[in-house]
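This briefing concerns the strand arrangement of one protein model and the surroundings of one of its residues.

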Amino acid sequence: MQLHQFNDQHIHWQRLEVFDNFQYSVLDVDGDNKVVEVLFKFAANDPIVLHRHCAVNHTFVFQGEHCLYHADGTLKEKRPTGSYTISQADNEPHRECGGDEDTVVLFSIRGTEGPMYEILDDELNILAVFTVNEFEGLYQAQQSALSA
């Protein structure tokens with residue numbers, strides 16, 4: 001079998017102004033069915049902000065190794081390139097990053113009327129909440145930037 005390298009240079013990566021260790025590209029938002037499809041690009045060995053998933057997440061690792069850490073910084077799980085995972089909503093907060101290289105992961109976030117993600121500080125206080133509406137706003141801003 002011939003090996004191929006994933007090439008993400010044609011993906012229009014976006015950033016949230018307060019976070020510099022990950023990028024995203026919202027692919028689709030289906031508000032009627034409460035489904036968001038988004039690519040995340042996690043920096044190597046630099047865990048993102050503490051957060052929790054409040055909805056079912058289907059993930060597929062396109063490039064690199066997807067690393068998840070407990071809130072205390074201990075390793076929770078490593079997902080290699082090509083792995084597909086279905087994770088239920090989980091009240092336990094965690095951090096994520098790439099392994100030894102930047103990592104690209106497709107997230108299909110599904111089926112909730114309320115929060116999809118909660119962003120937390122180190123004392124577990126909620127700093128921000130992402131619902132379908134917030135993802136729709138990110139998607140619309142991304143589309144506007146592409147057409148400008």
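The model is predicted: local features require pLDDT of at least 70, side-chain atom pairs count only at pLDDT 80 or more, and totals for chains, interfaces and linings use all residues. Residues are numbered from 1 along each chain as its sequence is written, and side-chain values use heavy atoms, with hydrogens and water left out.

**Sheet**
- Five strands form an open antiparallel sheet in the order 1-2-9-4-7; strands (E, at least two residues) and helices (H or I, at least four) are DSSP runs numbered from the N terminus, and two strands pair if DSSP finds at least two bridges between them.
- Strand 1 and strand 7 (84-87) are the edge strands, each pairing on one side only.
- From one strand to the next, the twist averages 20 degrees; axes are lines fitted to C-alpha atoms, for helices over the stretch in contact, and angles run from 0 to 180 degrees between N-to-C directions.
- Helix 1 (residues 132-147) packs on the sheet and touches strand 1, strand 2 and strand 9 (103-110), contact meaning heavy atoms within 4.5 Å.
- The direction of helix 1 makes about 105 degrees with that of strand 1.

**Hairpin**
- Eight antiparallel bridges join strand 1 (residues 22-30) to strand 2 (residues 35-42).
- Four residues lie between strand 1 and strand 2 in this hairpin, and Lys-34 in the turn has a positive phi of about 55 degrees.
- Tyr-24 stands opposite Phe-40 in strand 2, and Val-29 stands opposite Val-36.

**Ser-25**
- Ser-25 belongs to strand 1 and is buried, at 5% relative accessible area; buried means under 20%, exposed over 50% and partly exposed in between (1.4 Å probe, protein chains only).
- Not counting residues up to four places away in sequence, the contacts of Ser-25 include Trp-13, Val-38 and Gln-142.
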